[in-house]
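Student: Could you walk me through how to read a few features of a structure like this? I'd like the general idea each time, then the case at hand.

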Amino acid sequence: MGLEINQLTRHDGSGSFRVARENDHLSSRQKLRFAAFVLILFVAVPILLGRSPYYITVLTNAAILSFISLGVWVTFSIGRMNLAQGAFALVGGYVVAILTTRYGVSFWLCLPLSGLISAALGALVGWPVLRLKGVYFAMTTLSLTEAIRLLALNGGDITMGATGIVNIPRPGPVGIFGLTIVPEFNGADPLPFYFLACALLVLGLVAVWRLSTSRLGWVFRSLRQNEDLATSIGINVAKYRVIAFGVCCFMGGIGGAFFAAFHQNIYPATYTISDSVNFMLYCFLGGLSYIFGPVVGTFLLVIAFELLHAVQDYQALIYGVLMIVCMLWLPNGMLSLGLRQDGRREGERR
Amino acid sequence: MEQMLVNGVVLAVNYALIALGITLIFSIMNILNFAHGQMFMIGGFVVYYLYGIFKLNYFVSLVAVVIVLGVIGWSFETFFFRRMRRMATREENSMLLAVGTALLLENLALSIFGEKQRGVPPVVTGVFRIGTAYLPAGRLLVMVLALVLIVGLLLFVQYTKLGRAMRALAQDREVTHLMGVNVDRVAAYGFALGAALAGLAGGLLVTVFGVNSGVGNVYSIKAFIMIMIGGAGVVPGAILGAIVLGFVEAIGYELLPGSITYLLIFTGLIIFLLLRPQGLLGKPWG
């Protein structure tokens with residue numbers, strides 16, 4: 001099975017995924033780079049910037065936004081342009097908001113739960129919608145973002161309509177046998193949120209890396225290239241595309257849940273169409289062929305715009321220009337700049 | 001009941017202009033124009049400034065709309081999408097570029113026009129009474145103008161040389177090229193025409209609903225819903241989709257509070273796509 005898919009992939013003219021089977025395991029260089037990235041996130045940044053809540057908050061945002069975009073990347077890997085990620089982030093946010101404020105459920109239980117509920121909803125909606133391809137899928141998912149926003153707006157007492165849900169409690173302490181592992185999050189210090197965001201991001205990266213180098217990843221790529229061909233060699237196309245979409249929604253839900261607790265509020269307008277478009281833009285800017293693409297794209301854009309206060313009013317305008325310029329002159333994303341001539345993927349470039 | 005039907009007709013005719021524009025671009029170039037709603041919005045603003053502020057004649061403003069949006073559409077095709085077609089490696093590229101153009105137009109409008117809701121003085125005054133329903137003369141004018149434009153467009157596409165070239169291009173790009181048609185030029189005119197239709201719809205509806213720089217996405221989504229109902233790239237499908245959406249909206253706004261109508265439309269759409277992914281009149285695919 002693996003062999004057929006492998007050959008199918010090697011005949012891909014685009015060259016984006018010319019990864020040989022033996023490359024599935026991280027090379028020592030890639031391991032080194034990844035370790036450096038983790039070290040920077042967990043050691044260098046807190047030491048250098050730990051005293052500046054502002055920068056820590058910016059980086060926390062960037063980390064979770066790239067986590068959510070990583071989900072969109074997974075749907076790109078099956079050849080679908082997903083514009084519904086904002087909807088699932090909203091769902092995740094509301095799950096946390098409703099469960100913590102109304103039923104007093106712990107944030108730590110809500111976090112995975114919100115991912116699961118988003119994924120379940122994603123699978124339910126995705127099953128019919130994923131039959132659509134190309135622009136049809138993009139149109140439908142764009143409408144879905146709007147539909148979920150309207151659902152939240154008209155949710156009555158459950159979602160509190162336009163007033164939203166505020167005063168969402170911060171995550172509480174976690175302990176086993178009286179031993180505190182995670183202390184209570186307090187308002188003055190954004191560092192705990194930062195560490196949580198980085199932990200999620202690293203976990204997400206490892207999970208998506210494992211996924212895309214496993215058999216499932218090869219199946220996903222075969223779907224992107226030719227669904228009919230994939231069906232003909234016995235792949236249950238419907239099942240695998242729902243799995244990919246579910247993974248995407250799961251990550252969207254987790255990200256939304258994190259932001260709900262981080263900002264302590266959620267409104268129907270927290271995630272709109274422009275957020276869905278941004279998630280996709282981050283992926284694309286970094287490079288759709290690289291797992292690290294969404295991370296690079298998000299960090300670059302988020303940090304660049306936080307640092308350039310002067311242009312903040314024109315942020316979205318610059319996004320638009322940037323997207324067109326990139327599309328025309330750098331269609332394979334930022335990471336393609338560092339790609340060597342032999343077309344080998346450098347999975348872990350920063 | 002009669003009021004709902006009257007409102008439905010007015011909406012449907014104007015939506016048909018939007019749907020025809022996006023269908024034109026989609027069928028000729030296989031590009032989904034994500035910026036269609038933004039073009040609609042710019043059309044509204046052109047009328048707001050020329051007719052509302054500078055007190056020019058309404059019909060002169062509409063001509064200006066055609067010129068402005070025609071130039072925008074022509075430049076998008078000539079400078080962006082043509083280059084893209086030559087070098088695209090992934091199918092998603094043209095879609096991403098289209099999303100980029102939508103972002104660009106929307107934020108340009110936001111910077112230039114601001115966020116305020118703008119309205120224009122009525123072009124004609126008076127109200128007609130049909131049975132128990134009221135039809136303001138302004139809406140009647142908008143409806144008649146839209147109808148004239150639709151008929152004009154259909155005749156143009158059917159009987160002129162350029163229209164024939166566009167239809168040929170929609171059927172088969174390579175063969176059209178072989179027949180000696182300047183494909184790039186026709187595509188650019190097609191994009192300009194599609195954009196102008198979106199702008200005209202905006203210029204007409206601004207007299208009824210007003211305009212603000214945030215309405216772009218709303219109308220893009222409406223355009224998407226219409227072509228998903230009718231079938232993408234099919235002219236009768238676009239008109240049918242517009243009729244369905246126009247009436248559903250008119251009935252929904254009458255009977256249901258605010259945004260619940262659209263929630264139901266989206267839910268219905270997803271169920272509909274489950275049964276008929278190619279739309280009512282589209283050809284089955286994939």
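Student: Is N167(A) buried or exposed?

Tutor: Count C-beta atoms, placed from the backbone, within 10 Å of the residue's own: 20 or more others means buried, 12 or fewer exposed, and anything in between partly exposed. N167(A) has 9 C-beta neighbours inside 10 Å, so it counts as exposed. It's a predicted model, so local features need pLDDT of at least 70 and side-chain atom pairs count only at pLDDT 80 or more, while totals for chains, interfaces and linings use all residues. Residues are numbered from 1 along each chain as its sequence is written, with chains lettered from A and ligands numbered from 1 in the order in which they are written.

Student: Where does N167(A) sit?

Tutor: In the loop between β1 and β2 (174–176) of chain A.

Student: How many helices and strands does chain A have?

Tutor: Chain A comes to 13 helices and 4 strands. Buried residues make up 49% of its 350 residues. For contacts, the test is C-beta atoms, placed from the backbone, within 7 Å. Take the chain A contacts between residues at least 6 apart in sequence: 78% of them join residues at least 24 apart.

Student: How do I read a pair of packed helices?

Tutor: You describe them by the angle between their axes and the distance between the axes.

Student: Which residues of α7(A) and α10(A) meet?

Tutor: F193(A), A197(A), L200(A), G204(A) and L211(A) of α7(A) meet V247(A), M251(A), I254(A), F258(A) and F262(A) of α10(A). By class that's 9 nonpolar, 1 polar and no charged residues. Nonpolar covers Ala, Val, Leu, Ile, Met, Phe, Trp, Tyr, Cys and Pro; charged covers Asp, Glu, Lys and Arg; the others, Gly among them, are polar.

Student: How do I check the length of a helix?

Tutor: Compare its end-to-end reach with the expected span, 1.5 Å times one less than its number of residues. Helix α8 (residues 183–209) of chain B has 27 residues and reaches 38 Å from first C-alpha to last, close to the expected 39 Å. It is mostly covered, with 22 of the 27 buried.

Student: What does the largest nonpolar core look like?

Tutor: A nonpolar core is a set of buried Ala, Val, Leu, Ile, Met, Phe, Trp, Tyr and Cys residues joined through C-beta atoms within 7 Å. The largest one has 216 residues, and V96(A) and A16(B) are among those with the most contacts inside it. Helix α1 (residues 2–29) of chain B gives the most to this core, 17 residues.

Student: How many residues does each chain bring to the contact between A and B?

Tutor: Chain B brings 38 residues and chain A brings 36. On the chain B side, α4(B) supplies the largest share, 13 residues. That side has 25 nonpolar, 9 polar and 4 charged residues.

Student: Can you show me one residue in α4(B)?

Tutor: Look at G100(B), found in that helix. With 26 C-beta neighbours inside 10 Å, G100(B) counts as buried. Leaving out residues up to four places away in sequence, G100(B) touches G320(A), M323(A), I324(A) and M327(A).

Terms used:
Contact = placed C-beta atoms within 7 Å. Helix = DSSP H or I, 4+ residues; strand = E, 2+ residues; numbered from the N terminus.
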